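Me: I would like to go through a structure with you. Could you guide me through what has been computed for it?

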Amino acid sequence: MLNPDDGTVTPLVGLNGSVNALFCDDETGQVYVGGLFDSDNSTNAIVWATDWTDMPFSGFNGAVNSIIKAPNGKIIFGGEFNALGGNSSAPRENNTQVLPIGSANLTAQTSSGRPGLSDPKSIVCKSDPDSQGPGSTWLLADNSPGFWKADFGFGFIPTKLRLHNTNFEGRGTRTFRYTALPDTGIMNLSYVNPDGQRSYCSSQCPLPEGNTTGQDFEFVNRVGMNSFRIDISDWYGPGGGLNGIELFQDDIFAYAIDDFNEPKCGGVTTGALSRATPTEAWVVTPSHNSHSQYLTAQLQGDQIDPTRSFVVFEPDIPQSGNYTIDIYTPGCQGDNTCNNRGRVNITGSMSRSGSASKPISTELFQTNLFDKYDLIYDGYIDATDGFRPSVTLAPSAGQTGGQAGGPVLTVVAQRIRFTLKTPASGQLNGIFEYDPSRQVVEEDFTESVYDSAGASLSPRDGAIITSLANDSERLFVGGNFSGDGFSNIFAINATNPVSLPGEGLDNQVMTFYENGTTLYIGGNFTQTRNGETRDLNGVAAFSMSDNRWSALGAGVNGVVVHIVPFTLNISNTPEPVLGISGFFDQVNAFQDNKAFSVQNFAIWVPSRNNWYENLDVRGISIQGILTAHTDIPGSDPLFAGSIDSQSLGASGAVSLQQNLTLSPMSVDIHALQQQQGSLQKRATTDGRNENTTGVVAATFYKQGDTLKAILGGHFAATGQDGQNLTNLVIVDVDGDQVNGLRTGIDTNSTFKALGVLGTALYAGGSISGTINNNEITGIMAYDLESNDFASSQPPALQGPNVTVNAIAPRPESRDVYVAGRFQSAGSLSCPALCIWNTERNQWTTPGSGLTGVVSSMLWISNSRAVIAGNLTINGNQTKIVTYDSSNTESPFQQFTGAQGLPGPVRAICNAVQDGSQIWASGQAGDGSTFLQRFNGNAWLPVNNLFGENTEIRSIQVLSLSENHDNTDLIARGEDLLILGNINITNFGTASGALFNGTTLQPFLLSTTSDNTPGSLSQIFLENPFTFPGSGGGHMHKGFIVLIALGIALGLTFLLVVAGILIEWYRKKSKGYMPAPTSYPDRGSNMSRLPPEQLLGTLSGNRAPAI
């Protein structure tokens, strides 16, 4: 119990289990609690006032999922129960029937051939299904697959299969499949595994070894058939086999052919039966186009005597109640007896005394051309004390021969169906009406329209009610069930159940949310049952005022489990929205709105009739789960779930302006997974991690008033014309134009380096393709003016694992320096570094002596550069070298002290304007991350600031508006911005951090849609950075922060600046840590989060602070 005034939580001890539903009755001051739990004297339902209080009926024998007050003022419980706890209202037996496998035509293939162990009939209708040995076991031949098959003379829809494995001589069946015939479809089955969990199988269903007790398999789908086959594909010991087989159906039938009736086996003591009198007058007739074979009598005479020829049907009715009885008559065209058909009289006895039910007496014509059925009874049937109801079919009296005056009258008898409407012995089926004003609960639930409505649902005694809602006149019921003219959702008025338009929904309902006259519904459906309203797909709205369905866009591509309302600031205006949670990863496209990726959560804005992600607004991003909410008078609402909210949602890249505000780029970037398949790609990526997806490199192109941001990496995007772009996009910063690559470069390429010289873009990485019939490997050229590939392309780079990691045009020249992992460019040998001369369109060498792999390159003057990586110069291994293009004899020199760095260098940046001092970072030989500054004389390490698994991807010096304390590592007016995946001691993971020479301050946080840490890759400035005192000043406007999407395998990344850190520290000081924002598994309870943390950052965008 939570006190909203001070946030204190008081546990209400006394329940063992889980709570699924709460209903607060304001009139009585009581809270009704439902779920799957035990207390001292009640199960699954109880009341809280000042303490736990049992209700008169002591709960239920199954879970309670929903509780509500009905329009009549009574309390309605919905769930998965069929009896009250502590009393005898549960059915003595379920309403299933055993199918007569013993009377089917049984065959088998690959039987063992051993005496007494090869007859397929030996395992059906046994007095003891667990017995085994000769005469009781059927075995396959050694080490051979095979099948066991049953062909019936009628059609049926099975609901459960029970198999008894054998362990005779250590043999047994390991896996099998159930094949429905004649359609040859492999059926989907469910079963309870040895761990007690529900599992599913189809082509390889398991049987336990050495266990001869029956293993039950329930059919997931209702499929009609007249034959089936058990195909055994694997076995224990020398071979497979079975001890017993039983098949069940929910339908209650009595057949005229007695062999088709329920047998007295499989635990059945009575069974169904029929008697045809006289026996010799009735012959079995083929089914033709009918459902099953049937009996036919050819009667002669001027006056047919109904007492001499008749058929009596006696079904096996497991429980008393109100039933309907339908009699089926095969059509006369099939057996060519239309001229001889006549009338039959149907009589019957439904109770022992006759007073409890009205007798049957009705006359029917059998002159129908095609199959038909007639309702012959609707009322009470007694099944107590061994009484068996009966129905008799006989020719009507007074008939003479056939209808057309022929000499013969043809009478046919096929089958009768009994359908339970309302159980009379107190049975419940997922719905119970409770009157709190009465201290005694009547067990005759037929007096309640709500209880009776539940009892009429199928599956009998197994309907699942998940949700309840109401208006002023009706109770709405949702779940997994079917009824008379509806499925999965219906309404109950003051007198009876009623179907909604479209006959309900085509699959299970999981949740309701009622908002005024609109009922929002979530579940696993796609449309109404009859298909009149489509594109519902997991979530729908139903207008209770005008009985009309409507879609939420086109729904989602999965299952919606929760619908929770909350308020969101949209365009500076708070609006009510709906949080849609469940199991889905995409919101479907509709009208002009494209599909977009999500992680089990999306937001619907009713006032805009659209999804929040489709609205052209700049706002926060929310990910996670919302499971429930409650309104508190005079206070803010409370929410349950686990939510991660950030100040800005973005994918791929965002811009950080001078005033420290974040803005998304005008391009939708999403992950494009690496495809491994070609030999070339395997050769390119061998030995390296190529799992990075998303944006990993960027640069600017500025020409006059035109400013374009160029993003490269491994991703997918959409151009302004709707065409698909991959791996490289060019965004007009001041407009909304988006261009990029469509063809030419393989989609499994990854761009890692970009450089612009004049109007030409040079893009490199792990790329391959064909442009203008030229093979492309490592680097390509693109004309930014024409938005097309350049007519002249650099010849392909050569060598194993070709990758370009840096592209650096030399200032005031026409040369583009390309560095990375390669051996030659075209036919020119120039390992690790080569020059593309744009005037002559040819490769030239920068000089000799350098080998290895270059990770980064930085020009510090018009002729001098710093090159970092895992390098060798003139046979000496080092991590950083200097390059001087004006020194033609010895252009490469070791950087002072670089050979002593603890590992290869990944990122470098200037520490001063002239490049005489630099910062360098990389990974040491022991796997740790290092960061050091060269001060002109020696390397100064930064120690004890980074935790395990830190990955620094780029570094950049920034100037500050306020000075910090003086340190040996960095000037007072500067900070070093570090990007990547930074594990900060005593904090956790940040995507960006500021280092002031002594401490590491979290600056930028990014998370994936599943609440795992994201990673930022690099910063790219629109204008070159200048250090204080060198003619520059503070940070220049508009630099880009790049988000590497694939580091945590997410699709949408969320960026938050330091203002959020205040909230983080506040929560951590209270002992709270973020809860998972995904479902641990589909069968477990949802994650919970303390109320103080829920939606804690949804009050609007916050100004970042340093």
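Reply: Strand 19 gives the largest share of the lining of the second largest cavity, 4 residues. Strands (E, at least two residues) and helices (H or I, at least four) are DSSP runs, numbered from the N terminus. On a 1 Å grid over the protein atoms alone, a cavity is a set of points where a 1.4 Å probe fits but cannot get out, and lining residues have an atom within 4 Å of a point.

Me: What kind of model is this?
Reply: This is a predicted model, in which local features need pLDDT of at least 70 and side-chain atom pairs count only at pLDDT 80 or more, while totals for chains, interfaces and linings use all residues. Residues are numbered from 1 along each chain as its sequence is written, and side-chain values use heavy atoms, with hydrogens and water left out.

Me: What volume does the second largest cavity have?
Reply: Its volume is about 50 Å³, meaning the space filled by probe spheres set on the grid points, which are joined across faces, edges and corners. Of its 12 lining residues, Ile 123, Cys 125, Lys 126, Pro 129 and Glu 246 are the closest to its centre.

Me: And which residues line the largest cavity?
Reply: Among them are Val 98, Ile 101, Cys 125, Glu 246 and Pro 263. The largest cavity holds about 60 Å³ of space, and strand 19 (residues 241-249) gives the most to its lining, with 3 residues.

Me: How many cavities are there of 30 Å³ or more?
Reply: The structure holds 6 of that volume.

Me: Changing topic, which residues have the most contacts inside the largest nonpolar core?
Reply: They are Ile 101, Trp 148, Leu 161, Tyr 178, Phe 228, Ile 245 and Phe 418, in a core of 69 residues. Strand 10 (residues 146-156) supplies the largest share of this core, 5 residues. Another core, of 23 residues, lies apart from it and includes Ala 907 and Leu 931. A nonpolar core is a set of buried Ala, Val, Leu, Ile, Met, Phe, Trp, Tyr and Cys residues joined through side-chain atoms within 4.5 Å. In soluble globular proteins, nonpolar side chains tend to be buried together.

Me: What share of the chain is buried?
Reply: Of the 1106 residues in the chain, 55% are buried, that is, under 20% relative accessible area with a 1.4 Å probe, protein chains only.

Me: How many helices and strands does the chain have?
Reply: The chain has 4 helices and 82 strands.

Note on methods. Buried < 20%, exposed > 50% of the residue type's maximum accessible area, 1.4 Å probe, protein only. 1 Å grid on protein atoms, 1.4 Å probe; cavity = no way out; pocket = protein on both sides within 12 Å on 5 of 7 lines; lining within 4 Å.
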